[in-house]
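Open the model in your viewer and keep the selection panel at hand.

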2 protein chains.
Amino acid sequence: MRTRFDRQLEQLNVELIRMGALCEEAISIVAKSLLDSDLTYLPHALDLDDQIDDKEREIEALCMKILLQQQPVASDLRVVSSALKMISDMERIGDQARDIAEMLEYVVQYKFESRVHIGDMARASIKMVTDSIDSFVRKDYDAAVAVIASDDVVDTLFQKVKDELTAAVAAQPENGEIFLDLLMIAKYFERIGDHATNIAEWVCYSLTGQHV
Amino acid sequence: MRTRFDRQLEQLNVELIRMGALCEEAISIVAKSLLDSDLTYLPHALDLDDQIDDKEREIEALCMKILLQQQPVASDLRVVSSALKMISDMERIGDQARDIAEMLEYVVQYKFESRVHIGDMARASIKMVTDSIDSFVRKDYDAAVAVIASDDVVDTLFQKVKDELTAAVAAQPENGEIFLDLLMIAKYFERIGDHATNIAEWVCYSLTGQHV
């Protein structure tokens, strides 16, 4: 027979998966908008950020209820305290998606050519978010460790994008503002990768009790 | 007579103040290093980031202990849950200081002229961090609201720095990389202001139970 505690932990799991799905959707929309120079779905990305903020508060309230009512110990306590940390990172991912969305209206006017690496960055960071949440759902330590390792890929891509933009600035200084904006967008994707790394680190901690 | 609970809450207060002081010191060092083009104290900033990370875990463990042992309700529960959120923001401030520190070695080689606004940004964001922690210590709602309002100042300064750097890129495209780095440093200071705003919002929540 399932206890009330089991049901609460399962609800926590479901809500975390939902919040993760909202994050994935938000960054996928802004990445696609950037790469296709198409702003059609951008308002939905802003709406998703609001939903992510609401979900954070909902999950936080649930965690507090579990802590106070159930006084969990050992691995259950680690799950709840990791959840409290993970939602902070997910909320920041929503913020970064919003930050990118707010810059896009101006940026997409310019048909920049060297969008290969920024596209690779976007895809790599979305994959990190998906995989980190997936590792949590499946309680898969190795998958979480793989996410942490893949942060280097995003960091390397960021350096490539920065080098391209530095060259672009030198060649077309009159478009300097666009290139500065693109640098910031690339930086946001790099940050999203950092947050996914944090989420994966919390997955490892919740499974083993050891900080990676 | 003071209860064990009172002592634990007081210890939480003291530890939060210590963590805040570490954050202030870290960003003050990187700001001064940038403005004086002097890297002497930079290793200490990196050391402070490690201390900030340790302090976060220490405070987190203390919060969990209080939640499980004391099962606080109402305003005491809000204090503990706000503390858990505030330490995430303080930890990010430490990260931003480290990010700036890691860029400085290259950036300070170039004696850029238009450092007035980036200096103003650094000072304004340090003040926001100091004031947000101060509002927590003094349980001062109005001071916390003032911190939230002052985020606009930092955002406006960021726009000024960005405009200056855009002009600088156009005038000296051969120094493009330096200007891109300076933009990222300015962005880090803007983020520090955002984290101070978050801390102030948690102070308001812990005092009133209402999200600002």
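A salt bridge here is a side-chain nitrogen of Lys or Arg within 4 Å of a carboxyl oxygen of Asp or Glu. By that rule, 12 salt bridges cross the interface of chain A and chain B. The model is predicted, so local features need pLDDT of at least 70 and side-chain atom pairs pLDDT 80 or more, while totals for chains, interfaces and linings use all residues. Residues are numbered from 1 along each chain as its sequence is written, chains are lettered from A in the order written, and side-chain values use heavy atoms, without hydrogens and water.

Select Lys162(B) and Glu177(A): their side chains form a salt bridge, 3.7 Å from N to O. Next, select the contact (heavy atoms within 4.5 Å), which takes 38 residues from chain A and 38 residues from chain B. Leu68(A), Arg92(A) and Leu180(A) supply 18% of the area that chain A buries against chain B, more than any other three residues. Buried area is the accessible area (1.4 Å probe) that two parts lose on being put together, summed over both. Between chain A and chain B it is about 3400 Å², with 60% from carbon and sulfur atoms.

Now select the cysteines. A disulfide requires two cysteine sulfur atoms within 2.5 Å, and the whole structure has zero. For Cys63(B), the nearest cysteine sulfur, that of Cys63(A), is 14 Å away. Cys204(B) is too far for a bond because its sulfur is 19 Å from the closest cysteine sulfur, in Cys63(B).

Last, select Val145(A), in helix α5 (residues 141-171) of chain A; helices are DSSP runs (H or I, at least four residues), numbered from the N terminus.

Note on methods:
Helices (H or I, at least four residues) and strands (E, at least two) are DSSP runs, numbered from the N terminus.
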